[in-house]
Amino acid sequence: MAIIPRTGISKTGNKAEDLFRSLTSSLKPAEAVLGDAVKNGIYAEVKKVSGDTLNQVRAVKYITLVAYDAENDAWYVVPACDVVALIAPKERGQHTENPFESATLSLRNLGPFKVSSADLSTAWAAAVVKSDGKPLLKQKMKDVLADCKKLSSDHKTAVRALV
């Protein structure tokens, strides 16, 4: 059993990321913004469950979400399209108006995505195939991200001119 001890909120996911990469023979991406693991050019975002919550889930990235519940030594592999579907009903995000930028997810909603550690690589590959099968949704998330970046840039320019 690979139990990860609880620590402060900062860097708590690092051990989960390392464990996932070791179990899937994946690598740490060159740029953190791309995700937490990469294999054959495919990325995954790895989150450690805190209580029964996943924090700062970013649907706009449209990559597979992997969650590790260290207390129960349980893994969840959530296709990007299902991440978007879980976040879409939310009115607000986590510390942001737009839930697709950053949101919390409850472990209670991830039951259908639970997999064994031995099946992580297979589940990851299947998640990518499922999400790639929704090209319009994938493009919409790219558009949402581009819109968020433009809005942020416009607001920074306008506010900086006033201060």
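This report describes the fold, packing, aromatic pairs and backbone exceptions of a predicted model.

**Overall fold**

The protein chain holds 4 helices and 7 strands. Their order along the sequence is α-β-β-β-β-β-α-β-β-α-α. With a radius of gyration of 16 Å, close to the 15 Å that the globule rule gives for 163 residues, the protein chain is as compact as a globular protein of that length. The C-alpha trace spans about 55 × 40 × 30 Å along its principal axes.

Of the 163 residues, 41% count as buried. The accessible surface of the protein chain is about 9,400 Å², and carbon and sulfur atoms make up 55% of that surface. Among contacts with a separation of 6 or more, 57% are between residues 24 or more positions apart.

**The sheet and the helices across it**

Five strands form an open sheet with mixed pairing, in the order S1-S2-S4-S5-S7. At its edges are strand S1 (37-39) and strand S7 (114-115), each of which pairs on one side only. In general, strands of a sheet pair through backbone hydrogen bonds, either parallel or antiparallel. Strand S5 (residues 74-78) and S7 run antiparallel and are joined by 2 bridges. Tyr 76 has Lys 114, in S7, as its bridge partner.

Two helices lie across strands of this sheet. Helix H1 (residues 14-24) lies across S1, strand S2 (42-48), strand S4 (64-69) and S5, and runs at about 135 degrees to S2. Helix H3 (residues 120-132) lies across S1, S2, S4, S5 and S7, and its angle to S5 is about 20 degrees.

**Helix H2**

Helix H2 (residues 80-87) is mostly covered, with 6 of its 8 residues buried. These buried residues are Ala 80, Cys 81, Asp 82, Val 83, Val 84 and Ile 87. They pack against strand S3 (53-57), S4, S5 and strand S6 (103-106), and also against H3 and helix H4 (135-162).

**Aromatic pairs**

A pair of aromatic rings is described by the distance of the centres and the angle of the planes.

| Pair | Centre to centre | Angle between planes | Class |
|---|---|---|---|
| Phe 20 and Trp 124 | 5.2 Å | 55 degrees | tilted |
| Tyr 68 and Trp 75 | 4.3 Å | 35 degrees | tilted |

Phe 20 lies in helix H1 and Trp 124 in helix H3, so their pair ties together parts that are 104 residues apart in sequence. Phe 20 and Trp 124 are both buried, and Tyr 68 and Trp 75 are both buried as well. Ring pairs link Phe 20, Tyr 68, Trp 75 and Trp 124 into a cluster.

**Positive phi**

Most residues other than glycine have a negative phi. Tyr 62 is not a glycine, yet its phi is positive, at about 45 degrees. His 95, also not a glycine, has a positive phi of about 65 degrees. Tyr 62 is placed in the loop between S3 and S4, while His 95 lies in the loop between H2 and S6.

Is each of these residues buried or exposed? Tyr 62 has a relative accessible area of 9%, which is under the 20% limit, so Tyr 62 counts as buried. His 95 has a relative accessible area of 73%, which is over 50%, so His 95 counts as exposed.

Technical notes
Residues are numbered from 1 along each chain as its sequence is written. This is a predicted model: local features need pLDDT of at least 70, side-chain atom pairs count only at pLDDT 80 or more; totals for chains, interfaces and linings use all residues. Side-chain values use heavy atoms; hydrogens and water are left out. Two strands pair if DSSP finds at least two bridges between them. Contact means heavy atoms within 4.5 Å. Axes are lines fitted to C-alpha atoms, for helices over the stretch in contact, and angles run from 0 to 180 degrees between N-to-C directions. The radius of gyration is taken over C-alpha atoms; the globule rule is 2.2 Å times the number of residues to the power 0.38. Buried means under 20% relative accessible area, exposed over 50%, partly exposed in between (1.4 Å probe, protein chains only). Accessible areas come from the Shrake-Rupley method with a 1.4 Å probe; for residues, only the protein chains shown count as cover. Rings of Phe, Tyr and Trp (its six-membered ring) pair if their centres lie within 6.5 Å; planes under 30 degrees apart count as stacked, over 60 as edge-to-face and the rest as tilted.
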